[in-house]
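User: I am new to this structure and would like to learn how to read it feature by feature. Could we begin with whatever deserves attention at the start?

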Amino acid sequence: MFRTEMMDINMGPQHPSTHGVLRLKLLLDGETVTDTDVLIGYLHRGVEKLCESKNYHMIEPYTDRLDYVAAMYENLGYVETVEKLMGITVPERAEYIRVITAELQRIASHLVWLGTHALDIGAMTVFFYCFREREILLDLFEAFCGARLTYNAYRIGGLPWDVPPGWTDRVRHFVKIFPGRQQEYDTLLTKNRIWLGRTKGVGILKAGDAIDFGVSGPCLRAAGVSYDVRKAHPYSVYDRFLFDIPTGENCDTYDRYLVRMEEMRQSLRIVQQALDGLPAGEVMGKVPKRIKPPVGEVYHTVEGPRGELGFYIVSQGEDKPYRMRFRSPSFVNLQALPHMVKGSLVADVVAVIGTLDIVLGDVDR
Amino acid sequence: MKIQAFLQKVLLLELWQGMWVTLKNQFRPHITVEYPKETVEFPPRFRGVPRLRKDPQTGEELCVSCLLCEAICPTECISIVSEKRPDGKGKQLISFTINYERCCFCGLCVDPCPTKPITAIYMSHDYEFAGFDRDSYVTAREELVDGKPVKIYTS
Amino acid sequence: MSDEIKPPSSPPGGAAGPGQTPAPPDAAPPAATAPPKPAAPAKVNLTAEVDSPVLRALKEKFPQAIQAVSFYAGEVSVLLDKDSLLPVCRFLKEDPALRLDYLSNLCGVDYPDREKRFEVVYHLFSISLSHRINLKIQLADQEPAPSVVTIWRTANWHEREAFDLLGIPFEGHPDLRRILLADEWQGHPLRKEYPTRGYDRDHMKLR
Ligand code: SF4
Ligand code: SF4
């Protein structure tokens, strides 16, 4: 028979399928991955250190740049943490608008994931379809806050602006057309033989391992654990909306795809309910001009599109945080990658990176 | 059933189905624009680079040199020098520069500006700032008010 | 700047003094020094005590390990003795009534003014029972912390990050090396004495 030799293969940092600058050192036996070393940090900007020298208002634009695909969530988590730290209550209307924008952001983020994931695996068309709908969402965000990616859309205590006139009607229109569009992705992928072949049984992450690795978000739910911060610790006004937590059974890439697809539908449901219940009134609560939380520390989590997004702030009573820590879901989820690709083929590594839905800005901070 | 499947194969029905989708999409209106020739329309809140403005009615300087925008800017790209007015009331600007190289378009500087409802500093709709040297990004007050001349690199 | 409203009970900044008094909320000075009219935002008592089943179980099982308990905004933080961290963690994870199986976050905080300058914070969560607890230990410079990788595998990268950015060594970690910074990097940026713009960065002078 043949004699095989172990081989070290370097994947990345500049590789189209790693969604940024991620470097993997794969130890291959033929085409089978036997060991993986994940090397990150190419995008490390030291945001945590920077935050220690900025006051609480100034940090929000920095949070935008962590997870730039879902910046609304970084904003949301950050302002809510500071509000919790200071005991500020936010007006109802602001909470509802936050929920609407955040859930739209979840859809936009999942669309990026779906498009690029499918592109990695070889389905080109889905990418264009997804970005077509994402464009509508980005236009909505642009009309709401003036930016398409780095929103800086909330302020501590509320929102800087109310929604522009006619905006809610545009959102309603989107809610109406989107299920039909999602049907198109469904037709393209869900029963597609190639898609099934590339995703079924690939990158299995069982529930026990997922919890042990700290994996959260759709990757955890696809393993059958119905853990969602929106239900477990309802923040903002999430306890008022009806929605389901989709879970998978087979713990594989295909189930994660189904879970995310279903999450988009549930997000749409939340948006619809929030639009119907949108109260009138102020959007900015009573906040001191200078944000100076008392001495204390808070760990607050929100459910981002990638998983549990945590913010840990230690305040020493100054107008700057003493310590700021971002618990980014991408960073934690990526840790499970070596476990998921062990024993699979090199081509599956690409699929697994896609299914983890990492954003390197969030991983490296 | 068999005949149907046979016909489907011979007449390449599935191929024509696909072609039909392509054909339909051929005649849909374009959603892209030919960029340098035409530009997309911006919503009123679009955040381009920050600029200064004067009172649109009286043409007076609006900025009262309160330095609030300088204090809140996360990238420290605004620098303001001001002096006491000769008549003793308030301050007047000597220079006001924004380093566009570092501005991150966050819009925080507009929030605290006290000259409401028309804030002295505002997020304009300008965004075409390609340049060859870094110094050209440090923008002085006159350019902030009148707008930077846009260089057209295409013919 | 204009009308600044002080939140109540904010003692002058800086660390809360050396030695004990680890958790800031409890260490807040008595209300007498607080301004008589508290500011509008702080109607709720942020440092109110909350009842926590985990804390009760801990007090029962490991009374000698708990050095201090603090409350803030409904969160319970327990300062533990360093040596009892591993048994406590194992108990919390495996006890059928607590089941804190999810290590949500692990990070270090630097308090250079204290005698034991580093604090490692563990944010634990139970997925099935939905309760939380925060554990803390204090360490002197270069004093190794016990690694919890054997209990929660997710601690692996978190601990590497704390080692990388703060220089806290973790004893028993399988693969302790830098994670975010380059291998040849000097110093640990999240330490308070490390300048924000770094050492020898003249070529990056900002204009
Ligand atoms: S937009 Fe942001 S970065 Fe730019 S000048 Fe204003 S505050 Fe500074
Ligand atoms: S905040 Fe407005 S008024 Fe104050 S210095 Fe800036 S531009 Fe001038």
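This is a predicted model: local features need pLDDT of at least 70, side-chain atom pairs count only at pLDDT 80 or more; totals for chains, interfaces and linings use all residues.

User: Which residues surround ligand 2?

Analyst: The residues around ligand 2 are B:Cys63, B:Val64, B:Ser65, B:Cys66, B:Leu67, B:Cys69, B:Ile80, B:Cys113, B:Pro114, B:Ala120 and B:Ile121. Sorted by class, this shell holds ten nonpolar residues, one polar residue and no charged residues.

User: In which cavity does ligand 1 sit, and which residues come nearest to ligand 1?

Analyst: Ligand 1 sits in the second largest cavity. There are 13 residues around ligand 1, of which B:Cys73, B:Cys103, B:Cys104, B:Cys106 and B:Cys109 come nearest. The shell around ligand 1 comprises eleven nonpolar, two polar and no charged residues.

User: Let us turn to helices. How far apart are the end C-alpha atoms of helix H4 of chain A, and what span should its residues give?

Analyst: The general idea concerns the helical repeat. An α-helix has 3.6 residues a turn, so residues three or four places apart point the same way. Helix H4 of chain A covers residues 92-121, and because each residue contributes 1.5 Å, its 30 residues should span 44 Å; the end C-alpha atoms are 43 Å apart, which agrees. Helix H11 of chain A, residues 253-276, can be read likewise: its 24 residues reach 35 Å from first C-alpha to last, close to the expected 34 Å.

User: How many residues of H4(A) and of H11(A) are buried?

Analyst: In H4(A), 27 of the 30 residues are buried, and the helix is mostly covered. H11(A) is also mostly covered, with 17 of its 24 residues buried.

User: What follows H4(A)?

Analyst: A:Gly122 follows H4(A), and its phi is positive, near 120 degrees.

User: Which residues have a positive phi although they are not glycine?

Analyst: The general rule comes before the cases. Most residues other than glycine have a negative phi, and most peptide bonds are trans. A:Asp357 is one of the cases to note here, with a positive phi of about 55 degrees. A:Asp357 lies in the loop between helix H14 (346-356) and helix H15 (360-364) of chain A. Its relative accessibility is 6%, so A:Asp357 counts as buried. C:Arg99 is another non-glycine residue with a positive phi, of about 50 degrees. The loop between helix H3 (85-94) and strand S3 (102-110) of chain C holds C:Arg99. At 36% relative accessibility, C:Arg99 counts as partly exposed.

User: How many helices and strands does chain C have, and what pattern do they follow?

Analyst: Chain C has four helices and seven strands. Along the sequence, the pattern is α-α-β-β-α-β-β-β-β-α-β. Chain C has 207 residues, and 51% of them are buried.

User: Let us consider charged pairs. How many salt bridges are there over all chains?

Analyst: The count is 45 salt bridges over all chains. One of them joins C:Lys192 to A:Glu52, with the closest N and O atoms 3.2 Å apart. This pair crosses between chains: C:Lys192 is in the segment after strand S7 (170-171) of chain C, and A:Glu52 is in the loop between helix H1 (47-51) and helix H2 (56-64) of chain A. A residue is buried under 20% relative accessible area. A:Glu52 has a value of 12%, so A:Glu52 is buried, whereas C:Lys192, at 27%, is partly exposed.

User: Where in the chain are A:Glu133 and A:Arg181?

Analyst: The side chains of A:Glu133 and A:Arg181 meet in a salt bridge, with an N to O distance of 2.4 Å. The pair links distant parts of the chain, 48 residues apart: A:Glu133 is in helix H5 (residues 124-145) of chain A and A:Arg181 is in helix H6 (residues 167-189) of chain A. A:Glu133 is buried at 0% relative accessible area, while A:Arg181 counts as partly exposed at 23%.

User: Are C:Glu119 and C:Lys136 buried or exposed?

Analyst: Both C:Glu119 and C:Lys136 are buried. Their side chains meet in a salt bridge of 3.9 Å, N to O. The two residues are 17 residues apart, C:Glu119 in strand S4 (residues 118-125) and C:Lys136 in strand S5 (residues 132-139) of chain C. Elsewhere, salt bridges that share partners join A:Glu103, A:Arg106, A:Arg221, A:Asp228, A:Arg230, A:Glu263 and A:Glu303 into one network.

Terms used: Residues are numbered from 1 along each chain as its sequence is written. Chains are lettered from A and ligands numbered from 1 in the order in which they are written. Side-chain values use heavy atoms; hydrogens and water are left out. The expected span of a helix is 1.5 Å times one less than its number of residues. Buried means under 20% relative accessible area, exposed over 50%, partly exposed in between (1.4 Å probe, protein chains only). A residue is near a molecule or strand if one of its heavy atoms lies within 4 Å of it. Ala, Val, Leu, Ile, Met, Phe, Trp, Tyr, Cys and Pro count as nonpolar, Asp, Glu, Lys and Arg as charged, and the others, Gly among them, as polar. A salt bridge is a side-chain nitrogen of Lys or Arg within 4 Å of a carboxyl oxygen of Asp or Glu. On a 1 Å grid over the protein atoms alone, a cavity is a set of points where a 1.4 Å probe fits but cannot get out, and a pocket is an open set with protein on both sides within 12 Å along at least five of seven lines; lining residues have an atom within 4 Å of a point. A molecule sits in a cavity or pocket if more than half of its atoms lie within 2 Å of its grid points.
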